[in-house]
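Here is a friendly tour of one protein model. Keep the sequence and the 3D view open, and look for each residue as we come to it.

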Amino acid sequence: MHNKLYGTALLVALMAQSCQVNTDIQTAPATLRTNTEIDAFIRTTLQQKGDFRWAMASDELVWSALRQSDGVVSVGYKPAGLSADLRETIHTIDIQDGPWQQARQQLLDLVLRTEQQTDPTLKATDLVAFSEETLPVLDLRVKRLETIQQLRASGLVRYVEPMGYQPGQSDTRAKTASSSGCGSNIADIPLTEGADYTTLTPGTKSPWNHPYHGIRDAWSRSTGAGTKILLIDTGISDTQDNLGSAFNQGSSTGRTIEKRVTLPKAWFWSSAETPADGCGHGTAMAGAMLAPRGTDGAAMGVAYNASLVSVRAATDVFLDESREMKGVADAYILAGNRDDIKITSMSLGTILYNSQVADAIRYAFNKGKLMFCAGGTSFGWSAGWTGVIFPASMSEVQAITGIQDNLTRRCETCHEGAEIDFVVVMEKAANGRHIPTLAMSGNPPSTVGGSSVATATTAGMAALVWSQNPTATRTQVLDRLTRSASNYPNRSSNFGWGRINVNAALTALN
């Protein structure tokens, strides 16, 4: 690989640096900052600069956030002398190459020496929270301020971030944030023919919002056959047969479904996580995106002949644990490494930028994946002022939000902003009714809203376009979607290119 071109000179530089002792680090008494103090700094920075990165915070604040969370720090590394900006080359790096191995080992040795000042019995294996096979990242359990200082001062380090810290955890409203999007995926709302859905052959329910995007007309040209979408979410219910034994039924034939899990287990002694959805959110997203056009009266999805790879990467929609960040990063790596996957959809997110997840997204982006992410749904600490959330805020992904059927307003809880690329109609202004989808079990539909279902719907539309022209590139598919959208060629400051008309996008391909 090209990294081997660093050669002997770089190896010598690495070994020389490993012998140096950083004498600039001061060991003044540490002051542990409270959640309230940390959150105030984050909020002020977000409001003043429109962004927050842990590189903007002091060593003491980073250490405090680490101690106030689950104690796992994410350390992006690189060989000495190499630029810290790997966005163009992240997919070409082999972390088993000599310079990368050397950098990793040096940093691991540095952390071990420093942490052993508190606990001399520590071993290197005690420090490693999660193993990493692809990205140049170390996830370590760290307790000492001096360790953070040493890492941030090192020329081998790209970033040092408390992996699991999220603001608002001292806010009682935020304690329910993780359950947002969970537990509501049951068929408890009576739905009305004509108002909430239209029954189509051979016996399925097409959600009320489909005509706003030309979806029903588009099915005469494409049904998503031959495409495969990777859904990064909370998994799929193992009691919903429309995403199991009945995935192929009626007009849905010849497709496959895989159920994977990248979420690490919660504790060393815990059982391994499974692909099963304990939240309900992932099941709802899969339903809106590609549930079968079947005979059993269930709600159907946009790309009803597309295949699915479901990845359970998180326990809920709000990414607030180190293991959820790791799960999401590994899911994007999985997508990047598979040629049969062209599209990803993720309706999960977080307030703060996470460099490890960003590394993984750039890895998948550089491999040609078309990625859709939810722009955000307000709750708790972020309600009323936070803009487009991470990772939808990244330029490498398409950020999606939801609007009402009046076509002028965002949904009641949806975020908007300059980073939004497309919008989907998913809420009725008159009664707040959302989109029918698959419940955790059975055929009677549940409903789901927010930027989450808008994202899954858009991924389904992208599958229709790519299915019609399977040799197209990501850029060509995205161009068709963009040109079909309601605001094109004048991008809106809050709603991007606007509302896709997928039938028009498919017609343009003829």
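## A covered strand

Strand β12, residues 398–404, is mostly covered, with seven of its seven residues buried. Buried here means under 20% relative accessible area, exposed means over 50%, and partly exposed lies in between (1.4 Å probe, protein chains only). Strands (E, at least two residues) and helices (H or I, at least four residues) are DSSP runs, numbered from the N terminus. The model is predicted: local features need pLDDT of at least 70, side-chain atom pairs count only at pLDDT 80 or more, and totals for chains, interfaces and linings use all residues. Residues are numbered from 1 along each chain as its sequence is written, and side-chain values use heavy atoms, leaving out hydrogens and water.

Which residues of β12 point one way, and which the other? Gln398, Ile400, Gly402 and Gln404 point one way, while Ala399, Thr401 and Ile403 point the other way, and all are buried. In a regular strand the side chains alternate between the two faces of the sheet.

## The partners of β12

Two strands count as paired if DSSP finds at least two bridges between them. Strand β11 (residues 370–374) pairs with β12 in the parallel sense over three bridges, and Ala374 has Ile400 of β12 as its bridge partner. Strand β13 (residues 420–427) also pairs with β12 in the parallel sense, over six bridges. There, Gly402 stands opposite Val424 of β13.

Now follow the chain into the loop between β12 and β13, where you will find Leu407. Leu407 is not a glycine, yet its phi is positive, at about 70°. Leu407 counts as partly exposed because its relative accessible area is 35%.

Strands β5 (197–200) and β6 (204–207) pair in the antiparallel sense over four bridges, with Tyr197 standing opposite Pro207 of β6. The two strands form a hairpin with three residues between them, and Gly203 in the turn has a positive phi of about 140°. From β6, Thr204 and Ser206 point one way and Lys205 and Pro207 the other way, and all are buried.

Another cis peptide bond runs from Tyr488 to Pro489, with omega near 10°. Pro489 belongs to the loop between α12 (474–484) and α13 (502–509).

## A buried charge and a buried serine

Glu161 is part of strand β4 (residues 157–162). The side chain of Glu161 does make a polar contact of 2.5 Å with that of Ser355.

Ser347 lies in the loop between β10 (343–346) and α10 (355–366). Ser347 counts as buried because its relative accessible area is 3%. Ser347 and Thr234 are 113 residues apart in sequence, and their C-alpha atoms are 9.6 Å apart in space.

## Out at the surface

Trp269 is in the loop between β8 (257–261) and α8 (281–290). Trp269 counts as exposed because its relative accessibility is 68%.

Key. A polar contact is a pair of N or O atoms within 3.5 Å; within protein, one must be able to donate a hydrogen and the other to accept it, and residues adjacent in sequence count only if both atoms are side-chain atoms.
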